[in-house]
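We'll hop from one spot to the next.

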Amino acid sequence: MDTAFNITALTNYLYCNFFFLNLLIIEDEPELSQSIVNYLSQNKFVCDTAQDYVAAHNKIFTNEYDCIVLDITLPGGNGLELLRRLKNINKSEGVLIISAKNSLDEKVTGLELGADDYLTKPFHLAELSARVNSIIRRRAFGGNDIMIIGKLVINIANKSVYTETGELELTRKEYELLLYFSSNKNRVLTKESIIDHLWGNHMNMGDSFDLVYSHIKNLRRKLMDSGCPDYIKAVYGMGYRFLIS
Amino acid sequence: MKLISLYNRILLPVLIVVFSISIVVSYFFIRKVLQNELDATLSRTKRRIVNYVAANQSLPAINSFNDQKIIFEPISSPLKDTGFYSATQYIPEQQKEHISRKLLFQLNNNGQLYKVTISEPLEGTSHLTILLAKIACITIFLTLLILLVINRNILKRIWQPFYQSLEAIKSFNVHSRQLPALAVTHIDEFKMMNSHFNSAAENAVKDYKHLKEFSENASHEIQTPLAIIHSKLDLLVQQDDLTEAQSELLQSAFASVKKLSNLQQSLLLLTKIDNGQYHKTGQLQLDAVIKNKMDDFQDIFNTKGITTRVELEETSVTANRELLDILLNNLFSNAVKHNFQGGVAGISLKDKRLTVCNTGNSNVLDENRLFRRFYKAVQRGESNGLGLSIIKEICQASGSTITYAYHDGMHCFSVQW
């Protein structure tokens, strides 16, 4: 617990909870762009949008952002080219590529050019939120990040979770689930989105809902056993919500 | 049947019949001609005798050293039948019966009537006809033999460009986009065939390319509206005041979007495999990759109470990492999807052969239809019927083979590298 509450944790806590984070959403499809803005704006993010290459280029070079969500296929140019230019002038923005092509080659090229992550369309907005959060944390704190959520303290570096009663023993999946909830506080996470996040896109089988249920049940029990309030609420038919005031 | 065999089968009997008829006809024809020749000789002799009798008023002396025999017999009443006829005659020198040609006529010498028979053996003519027939037979036989040899050897050589082109067409594949290398030939028919082959192949390659581009573009175009629907549903879910009925509607909309998205991803994947976009390969430690994949799936196996039996031998294969990952995902999720609660899944890797077996409710599956796109043995909501055809395509693209077997109540899929 001593290591958890240090000055880093405090700045981090303040940064993540009281400062707004600037995002640039570069996506040519206005409807999708709007959905992303709508979802992310409700978490402490301030979103700016660009719908073509030139607009994106101008915004990148005049403003500072914490993270850029970048679509590869853009009117007027290629997103990868934009990324190349961005990295050439040593901008420190985190970049999340969203692409319609589920191509390993493109992913590798993107990551080699300095992107932080790659997400294939269609995606869950919750997943996007989780990826953006993770990029920002990684960028801002170099992975030595400590998150405080309600009565929970999460140390990202060594993947440990603390509560009032000490360290909480979580399985890998439970930890990932908790982290996913933390990036989507107070939002409904659908069961599909949880499955995709924890087991990847290929796990499209009916039985996997039971799987989600059993992991949620275990995590919830562990949290409550260690003195936390009942954060995880089931939303009828849809999924779960991590409620925190 | 080969063209040459068919050709021989028609040509040879026709030739044999034609030759036989010509032998028979020429035999009779030659015999007739020779006989006419003989008859003319007999007529000449007759004329000489008649002239001699008219001049000398006496019968001529008979020269019996010649083959020609002349017999004078005095008769009392005139002869009824005169003219040529054939009859057998005994030749004392040869002590043999021979067919002879005879000319019978009557002669009046000083009021006395004579029956005159001039005869000459046909021996010479029959020898000649037999010889001619023999020569004809030998000629026919030799002609047929030579024809056969020509057909067999020379025609084979002449047809060589045809077979070469066929071979080239056989190995032609629209996937490879490589036009077949057809034989160079100066024979017009083959040239024509090759040019038709070439243009057909070119069209096939072009059409195939267009089709691929179309499917890939269509897939991408579908993806954007799907992403939008997905994002809008994500936002709708966040509404606080959703009723149960609305939740249910939303849930089934989500499920369908998910299914459509999977379907689209699968089709795109198939297109990409077809297009050879996964050509990069590397040496992979298969047992380690499988072990990792097993860890990923452990939760899922556990939830369904499936017991796993794993036997992995150290194996290294050359494969595309991405395709291998998809292959294992599909094989393993099949073993879960089509399994029953508390079933068994067996995974073994031995002699470069990966076998994934599972217990299941259905009986033996139809191997011929199993790997076809959109084939579903059992109609299941969460399956799009593309899993196995993706497995098959991946195997084809990476030079391995997939087989299905059913024994002891287990459905087994084996991939042999």
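This is a predicted model: local features need pLDDT of at least 70, side-chain atom pairs count only at pLDDT 80 or more; totals for chains, interfaces and linings use all residues.

**Stop one: a valine in chain B**

Select B:V356 and, ignoring its neighbours within four places in sequence, show its contacts: B:L331, B:F332, B:A335, B:I347 and B:F413. Contact here means that the C-beta atoms, placed from the backbone, lie within 7 Å. B:V356 sits in strand 9 of chain B, residues 353-359; strands (E, at least two residues) and helices (H or I, at least four) are DSSP runs, numbered from the N terminus. Is B:V356 buried or exposed? It counts as buried because it has 22 C-beta neighbours inside 10 Å; the scale is buried at 20 or more other C-beta atoms within 10 Å, exposed at 12 or fewer, and partly exposed in between.

Residues are numbered from 1 along each chain as its sequence is written, and chains are lettered from A and ligands numbered from 1 in the order in which they are written.

Strand 9 pairs with strand 11 in the antiparallel sense over 7 bridges, pairing being called when DSSP finds at least two bridges between two strands. Look for B:T359 opposite B:M410. Strand 11 has a covered face, made of B:H411, B:F413 and B:V415, and an uncovered one with B:M410, B:C412, B:S414 and B:Q416.

Then bring in strand 10 (residues 401-407), antiparallel to strand 11 and joined to it by 7 bridges. B:Y404 has B:F413 as its bridge partner. Strands 10 and 11 form a hairpin with 2 residues between them, and B:D408 in that turn has a positive phi of about 50°.

**The other sheet in chain B**

Jump to an open sheet of 4 strands in chain B, order 1-4-3-2, with antiparallel pairing. Strand 1 (69-75) and strand 2 (83-91) are at the edges, each with a single partner strand, so one side of each has no neighbour in the sheet. Strand 3 (residues 96-109) and strand 4 (residues 112-121) share 10 antiparallel bridges, and B:R101 stands opposite B:E120.

**Over to chain A**

Select strand 6 (residues 94-99) and strand 7 (residues 117-120) of chain A: they run parallel, joined by 4 bridges. A:I97 has A:Y118 as its bridge partner. With helix 5 (residues 104-112), these strands make a right-handed β-α-β unit; right-handed means that, with the strands pointing away from you, the path from the first strand over the helix to the second runs clockwise.

Center on A:C67. Leaving aside neighbours within four places in sequence, its contacts include A:L23, A:L96 and A:V132.

**Last stop: where the chains meet**

Show both chains: 34 residues of chain A are in contact with 36 residues of chain B. Which element gives the largest share of chain A's side? Helix 2 of chain A does, with 6 residues.

Notes:
Two residues are in contact if their C-beta atoms, placed from the backbone, lie within 7 Å.
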